[in-house]
Amino acid sequence: MITWGDFEKVELRIGTIIEVTDFPEARKPAYKLRVDFGVEVGVRKSSAQVTDLYSKEELIGKQVLAVTNFPPKQIGPFLSECLVTGVQTANGEVTLVRPDAKVDNGERLF
């Protein structure tokens, strides 16, 4: 169990995917994402293993929920600056966690 204070330390924010490129060096199929989190946080990079359910083209403009206050993580030759959240389906595919309605980039989950 964690405390409410522990949960409050995690910055879960909404961002819009603005760029998607292939990540052929990844061990598991993945894309490199650039996500816009608004003025306060800016644009961050992330690696996402979502190639089973999403094409690069359909990811552009999608809003996602991401952890924005983890330290950067080196993934092969790529430096990930945030963690885009997803949930695994029964078949092992990853579906993105995202809002039902458009919200401002950078809004925080409370």
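Biologist: Which residues does UniProt give for the "TRNA-binding" domain?
Modeller: The UniProt record, an unreviewed entry, places the feature "domain: TRNA-binding" at residues 6-110. Keep in mind that the structure here is a predicted model.

Biologist: How much helix and strand is there over residues 6-110?
Modeller: That stretch is 10% helix and 40% strand. The C-alpha atoms at its ends are 13 Å apart.

Biologist: And how many helices and strands in the protein?
Modeller: The protein has 3 helices and 9 strands. Read from the N terminus, the elements go α-β-β-α-β-α-β-β-β-β-β-β.

Biologist: What share of the residues counts as buried?
Modeller: 34% of the 110 residues. The accessible surface comes to about 7,000 Å², and carbon and sulfur atoms account for 52% of that.

Biologist: Now the core. Which residues touch the most other members of the largest nonpolar core?
Modeller: That core has 16 residues, and the ones touching the most other members are I17, L33, V35, V50, L59, V84 and L96. At least two core residues come from each of β1 (12-22), β2 (31-36) and β4. Strand β2 gives the most, with 3 residues.

Biologist: Take L96. What is it in contact with, beyond its neighbours within four places in sequence?
Modeller: L96 is in contact with V50, Y54, L59, V64, V84, T85 and G86. Of those, V50, L59 and V84 are also on the list of core residues that touch the most other members.

Biologist: What does the side chain of Q63 make a polar contact with?
Modeller: One partner is the side chain of T16, at 3.5 Å. The Q63 side chain also reaches the backbone oxygen of V103, at 2.6 Å.

Biologist: Which residues does Q63 touch, leaving out those up to four places away in sequence?
Modeller: Q63 touches I14, G15 and T16, as well as R98, P99, A101, K102, V103 and N105.

Biologist: Last one, on the protein's contacts between residues at least 6 apart in sequence: what share joins residues at least 24 apart?
Modeller: 58% of them.

Notes: Residues numbered from 1 in each chain as written. Predicted model: local features only at pLDDT ≥ 70, side-chain atom pairs only at ≥ 80, totals over all residues. Heavy atoms only, no water. Polar contact = N/O pair within 3.5 Å; in protein donor to acceptor, adjacent residues only side chain to side chain. Contact = heavy atoms within 4.5 Å. Core = buried A, V, L, I, M, F, W, Y, C linked by side-chain atoms within 4.5 Å. Buried < 20%, exposed > 50% of the residue type's maximum accessible area, 1.4 Å probe, protein only. Helix = DSSP H or I, 4+ residues; strand = E, 2+ residues; numbered from the N terminus. UniProt positions renumbered as here; feature names shortened; annotations may be inferred. Areas by Shrake-Rupley, 256 points an atom, 1.4 Å probe, with all protein chains shown as cover.
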